[in-house]
Amino acid sequence: MRSIGSSTSSARPAAGTGSRTPLWGTVIGMAVLVVIFVVALLQAANANSLLGWVLAGIALGWLMLAVWVVLMVRKAARFGRSQVEEVQRRAGRAPAAAQGGPAGSMRDEKLSHSFQIVLVQSRVLKQELAGLPADGVDREAIDRALDTIDITAGNGMSMLREEPLSGTVVD
């Protein structure tokens with residue numbers, strides 16, 4: 001037998017590793033608008049026509065509108081994030097980035113509840129087996145299996161709480 005080590009590795013992803021697709025879409029869209037504006041501006045300067053300058057002005061207007069929308073969306077996202085952190089602070093919780101996100105905490109609560117159910121059912125099974133006659137039953141194997149269930153469920157709950165693991169490994 002050997003003891004289980006106390007190395008605690010976190011299974012949560014690093015904060016900020018979400019999808020970057022919206023960011024790249026915004027960058028590409030802005031680059032296209034800049035290229036359209038520059039091409040319209042060069043065409044208007046070369047042709048020296050009123051229609052070319054009007055088209056360049058329209059392209060500039062769309063570019064300015066896109067910049068304004070991006071800035072407002074970023075401002076709204078910052079405001080929303082600060083509101084969520086404020087509500088979490090008032091509720092006595094850590095910010096979502098420290099918890100691994102709302103989905104991670106919900107998963108942890110569900111796993112913790114499942115481990116608690118396993119421990120309770122193991123206890124009930126031990127109580128029921130204690131009242132049965134022992135003839136023909138390999139009581140040692142049953143007890144070892146129940147101990148393994150208890151240790152596994154306890155270690156699962158410890159991992160969710162980021163505590164060191166306990167128990168022994170039988171080779």
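1. A residue is called buried when its relative accessible area is under 20%. By this criterion G52, A56, A59, L63, A66 and Q88 are the buried residues named for helix 2. The model under discussion is a predicted one.

2. As regards the overall arrangement, the chain contains five helices and two strands, and their order along the sequence is β-α-α-α-α-α-β. Of its 171 residues, 13% count as buried. The chain exposes about 13,000 Å², of which carbon and sulfur atoms supply 65%. Among contacts with a separation of 6 or more, 61% are made by residues 24 or more positions apart.

3. Helix 2 covers residues 50–91 and has 42 residues. G92 follows helix 2 and has a positive phi, near 85°.

4. Towards the end of the residue range of helix 2, charged side chains deserve attention. R89 and E86 form a salt bridge, with N to O at 2.5 Å; both residues lie in helix 2, three residues apart, about one turn of the helix. R89 counts as exposed because its relative accessibility, 54%, is over 50%. E86, with a relative accessible area of 28%, is partly exposed. A network of salt bridges links E86, R89 and R90.

5. Helix 5 runs over residues 139–160, and its 22 residues reach 32 Å from the first C-alpha to the last, close to the 32 Å expected. Its buried residues are L146, A153, N155, G156, M157, S158 and L160. After helix 5 comes E162, whose phi is positive, near 60°.

6. K126 is partly exposed at 29% relative accessibility, and D147 is partly exposed at 40%. The total count of salt bridges is four.

7. S122 is located in helix 4, residues 101–130. With a relative accessible area of 3%, S122 is buried, because this value is under 20%. Apart from neighbours within four places in sequence, S122 is in contact with L146, I149 and D150.

Definitions and conventions: Residues are numbered from 1 along each chain as its sequence is written. This is a predicted model: local features need pLDDT of at least 70, side-chain atom pairs count only at pLDDT 80 or more; totals for chains, interfaces and linings use all residues. Side-chain values use heavy atoms; hydrogens and water are left out. Helices (H or I, at least four residues) and strands (E, at least two) are DSSP runs, numbered from the N terminus. The expected span of a helix is 1.5 Å times one less than its number of residues. Buried means under 20% relative accessible area, exposed over 50%, partly exposed in between (1.4 Å probe, protein chains only). Contact means heavy atoms within 4.5 Å. Accessible areas come from the Shrake-Rupley method with a 1.4 Å probe; for residues, only the protein chains shown count as cover.
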